[in-house]
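Here are a few notes to read alongside the model. Take them in order, with the structure open beside you.

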Amino acid sequence: MFSFEVVPGRVVKEVLDASLPRVVDLVQDAYLRHDAGRTINPDSYFLRFPAKPDARIIALPAFADLAAAPVAGIKWIASFPSNVRRDVPRASAVLILNDYETGYPTALLEAASISAARTAASAAVAARALAAHLPGNGEVSIIGAGVIARTILRYLTAVGHRVDRLRVFDLHPESADNLVRLARDELGLIAERVATAAEVLTAQTVVTATTAGAPHLARPLEPGQIALNISLRDFAPSVVLGAQNYLDDVEHCMKADTSPHLAEQETGNRDFVTGTIADLVLGRALPDPGRGVLVSPFGLGVLDLAVGQHVLSVAREQGLALEVPDFFGETQRW
């Protein structure tokens, strides 16, 4: 009961790199359990700083009745875009897992990689489900070339999403070049950096992974075009209203002036929502090939729990979880 373990980032990354298809399946299972009412996913809490308006630290508490075991926990993730100028990742995070029977915390995991993996897996789950109805033509583009973007690209290829030609745009050309290099050298893809966002918006599959604070993409989606809207607010409300929209959780996405939230504010309703990712996976809300599709998976805490539980289990099996002796100061009431 009183064991407490730490899983460092190197171990987390190694486990995740060795289990991409498994992580996709775990995230899909978490979506279905969430849909079935077997999770608790409260609102995220945002800590903001008046002197740093673009920075935030977010708390994502959650509970999930997962196949391996029920688990509660919280992810504490910082997003400081100015880190990019220091050539360090924008996001940093930890994940605490709690035993459901006693409430005692059992493990602390470095979670930037977990957060990136569950985000990328969300995109992969949606892309895999959509492919049965809107087969890709191999034209894929990415706007925003950071850690999330490279992780999404790895996960899309892991689920067999067709990528014949990749185009990358980032306001920071060096970042775009790095992603192009990874696509070519690690994944064997044909890839190029382009000079403007307009040049990537014609691809059949468009991935947005930016830190934009306000919508900057107003081009309507074409019939059969898929936009994996991983950023919060890249797309203008007009794009949302003209598309079929799949969200990971409707209430969760309709906050903080996200693109769907802005569309709701503009119209006063949610009639533009086609369904959730679970609806898509279960075949309850299938896409019309004559319209574009916008998928907005902004991330649920239950997904972090599913991925974190897997990482902890593998780390334990491999003897890589570091136990902290006497972590709890008192183990008896009297």
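1. By class, the lining of the second largest pocket splits into 6 nonpolar, 4 polar and 3 charged residues. Here Ala, Val, Leu, Ile, Met, Phe, Trp, Tyr, Cys and Pro count as nonpolar, Asp, Glu, Lys and Arg as charged, and the others, Gly among them, as polar. A pocket is an open set of points on a 1 Å grid over the protein atoms alone, with protein on both sides within 12 Å along at least five of seven lines, and lining residues have an atom within 4 Å of a point.

2. Before going further, please keep in mind that this is a predicted model: local features need pLDDT of at least 70, side-chain atom pairs count only at pLDDT 80 or more, and totals for chains, interfaces and linings use all residues. Residues are numbered from 1 along each chain as its sequence is written, and side-chain values use heavy atoms, with hydrogens and water left out.

3. Back to the second largest pocket, which holds about 260 Å³ of space; a volume is the space filled by probe spheres set on the grid points, joined across faces, edges and corners. Of its 13 lining residues, Ala-69, Pro-70, Val-71, Asp-99 and Gln-309 lie nearest the centre. Strand S5 (70-79), strand S6 (91-99) and helix H10 (301-317) each supply at least two lining residues, and H10 gives the most, with 4 residues. Helices (H or I, at least four residues) and strands (E, at least two) are DSSP runs, numbered from the N terminus.

4. You will also find 1 cavity of 30 Å³ or more, a cavity being a set of points where a 1.4 Å probe fits but cannot get out. The largest cavity has a volume of about 40 Å³. Its lining consists of Leu-201, Val-206, Arg-219, Pro-220, Leu-221, Gln-225 and Phe-235, which divide into 5 nonpolar, 1 polar and 1 charged.

5. After H8 comes Gly-268, with a positive phi near 80°.

6. Finally, Glu-264 of H8 has a relative accessible area of 18%. Leaving aside residues up to four places away in sequence, Glu-264 touches Met-254, Asn-269, Arg-270 and Phe-272, where contact means heavy atoms within 4.5 Å.

Technical notes:
Buried < 20%, exposed > 50% of the residue type's maximum accessible area, 1.4 Å probe, protein only.
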